[in-house]
Amino acid sequence: MLVLVVDSSTPAVTAALVEVSADGVASRAHRCTVDARAHGELLAPQVDAVLADADARPRDLDAIVAGLGPGPFTGLRVGLVTAATMGQVLGIPTYGVCSLDAIGYPAASGAPVLAASDARRKELYWAVYDEAGQRIVGPEVSAPAVAAARARELGATIAVGDGAHRYAEVLDLPVRVEPRYPDATVLALLAAERIRARASSERLTPLYLRRPDAVAATGRKPVLP
């Protein structure tokens, strides 16, 4: 089954094509560009590019997997709107996966791990994963010191993700180089059981965790003295 994977929850704008079979998940094509200000400009061309790289067309797709975040409002919604719209137009199911899972799951190494991405405002989006890569706490948003204290309470011995790199001194945990951003193949792997079962399409509900920076005005300002 040919599956499109998209994630725009972090500065890494990702599109990939993977093949899901009874034996596992294999990458067919992958594009990723790190640019926190260009999610809207980058994602659609990257979707076109991975289809071209795999010599495939949209009608060849069997499903779409999208990273649900957490992530900043503007960037995250680009990926989810793209996935939802394509799913509706093509008549194929869409499945969502917490984006932090695609960072924490592959980092599992026999001890709990803290996965973190930058939430801006001097905060982190974070979750803690057990030795098997299963999420045991989160996703949450908080100051790095709060995330670090909670992770240590749960026995975390390492940290991973772009947020962990950014606040390494505050976290005071060894930081793994990779994965730094959500891994597209892992996103598909975490949805593979649903894909193989041809489960019903899911509503792609974003994990914003907090209100957007921009809000509508509550009243009109006077323009005359």
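In which helix is His 39 found? His 39 is found in helix 1, where helices are DSSP runs of H or I with at least four residues, strands are runs of E with at least two, and both are numbered from the N terminus. Before I go on, please keep in mind that this is a predicted model, in which local features need pLDDT of at least 70 and side-chain atom pairs count only at pLDDT 80 or more, while totals for chains, interfaces and linings use all residues. Residues are numbered from 1 along each chain as its sequence is written, and side-chain values use heavy atoms, with hydrogens and water left out.

Let me stay with His 39, which counts as buried because its relative accessibility is 8%; buried means under 20% relative accessible area, exposed over 50%, and partly exposed in between, with a 1.4 Å probe and protein chains only. A polar atom of the His 39 side chain lies 2.8 Å from the backbone oxygen of Thr 10. Leaving out residues up to four places away in sequence, His 39 touches Ser 8, Thr 10, Pro 11, Val 13, Gly 75 and Val 78, contact being heavy atoms within 4.5 Å.

Turning to helix 1 itself, residues 39-53, its 15 residues at 1.5 Å a residue should span 21 Å, and the end C-alpha atoms are 21 Å apart, which agrees; the expected span is 1.5 Å times one less than the number of residues. Among the buried residues of helix 1 are Leu 43, Gln 46, Val 47 and Val 50, and what covers the buried residues includes strand 1 (2-7), strand 2 (12-21), strand 3 (24-34) and helix 2 (73-90). Helix 1 is followed by Asp 55, with a positive phi near 55°.

Now the sheet, which is open, has five strands in the order 3-2-1-4-5, and shows mixed pairing, two strands being paired if DSSP finds at least two bridges between them. Strand 3 and strand 5 (94-97) are the edge strands, each pairing on one side only. Strand 4 (residues 63-67) pairs with strand 5 in the parallel sense over four bridges, and Gly 67 stands opposite Val 97 in strand 5. Helix 1 packs on this sheet, touching strand 1, strand 2 and strand 3, and its direction makes about 30° with that of strand 2. Helix 2 also packs on the sheet, touching strand 1, strand 4 and strand 5, at about 165° to the direction of strand 4; these angles run from 0 to 180 degrees between N-to-C directions, with axes fitted to C-alpha atoms, for helices over the stretch in contact.

Key: A polar contact is a pair of N or O atoms within 3.5 Å; within protein, one must be able to donate a hydrogen and the other to accept it, and residues adjacent in sequence count only if both atoms are side-chain atoms.
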